[in-house]
Amino acid sequence: VHYGSGYAIPQELGQFQIGVMASVLLHNSNPLMIMDQVARLTTEKLIVADLCHESTTPALPTIQLYPSAENQIWHTWWRFSEAFFIEAVKILGFPNVQVNRSTQYYQGHAFTLHTIVGSRS
């Protein structure tokens, strides 16, 4: 385990076969930088598990800024389309993509979690 910033993952940690980002990207101001940092140290599979919102255009790789002066949301920065993660994983060098969806429950509410698995081969 390494505790530190996702924006500057040390090269000294070495290479990993699998890189996982699970429900963290929507809570960070620069999700692509974190994805790039993890991809740089990952040799085989890059996995992103996060919420994808119906308010985005599902077929387009979109990302929406979520907080505003009106809603006072402070814990979540972004709303992603599933296509955003698919394209981002491909751009980062993991062209073979599989998508899985599951229903997760939090405080009695159902949420669809999208798991995007990109592999190099």
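Which residue follows α2, and is its phi positive or negative? I looked there before anything else. Gly93 comes after α2, and its phi is positive, near 100°. I note that this is a predicted model.

**Entry: the whole chain.** I counted the elements next. The protein chain has two helices and six strands. Along the sequence I read the pattern β-α-β-β-β-α-β-β. I took the box along the principal axes. The C-alpha atoms fill roughly 40 × 30 × 25 Å.

**Entry: contacts and surface.** I kept contacts between residues at least 6 apart in sequence. Of these, 63% join residues at least 24 apart. The accessible surface comes to about 7400 Å². Carbon and sulfur atoms hold 56% of that surface. Buried residues make up 33% of the 121 residues.

**Entry: the sheet.** I traced an open sheet of four strands in the order β1-β2-β6-β5. Its pairing is mixed. Which strands stand at the edges? They are β1 (16–22) and β5 (96–106). Each has a single partner strand, so one side of each is left without a neighbour in the sheet. Ignoring direction, I find neighbouring strands turned by 15° against each other on average.

I then followed β5 to its partner. β5 pairs with β6 (residues 109–119) in the antiparallel sense, over eleven bridges.

**Entry: helix α1.** I moved on to residues 31–40, which form α1. This helix lies across β1 and β2 (42–51). It runs at about 150° to β2. Which of its residues are buried? I list Pro31, Ile34, Met35, Gln37, Val38 and Ala39. Their cover includes β1 and β2, along with β3 (63–65), β4 (78–80) and α2 (82–91).

I kept the helix repeat in mind here. An α-helix has 3.6 residues a turn, so residues three or four places apart point the same way.

**Entry: helix α2.** How many of the ten residues of α2 are buried? I get seven, so α2 is largely enclosed by the rest of the structure. The buried residues are Glu82, Ala83, Phe84, Phe85, Ile86, Ala88 and Val89. I looked up what covers them. The cover includes α1 together with β2, β3, β4, β5 and β6.

Note on methods. Residues numbered from 1 in each chain as written. Predicted model: local features only at pLDDT ≥ 70, side-chain atom pairs only at ≥ 80, totals over all residues. Heavy atoms only, no water. Pairing = 2+ DSSP bridges. Axes fitted to C-alpha atoms, helices over the stretch in contact; angles between N-to-C directions. Contact = heavy atoms within 4.5 Å. Buried < 20%, exposed > 50% of the residue type's maximum accessible area, 1.4 Å probe, protein only. Areas by Shrake-Rupley, 256 points an atom, 1.4 Å probe, with all protein chains shown as cover.
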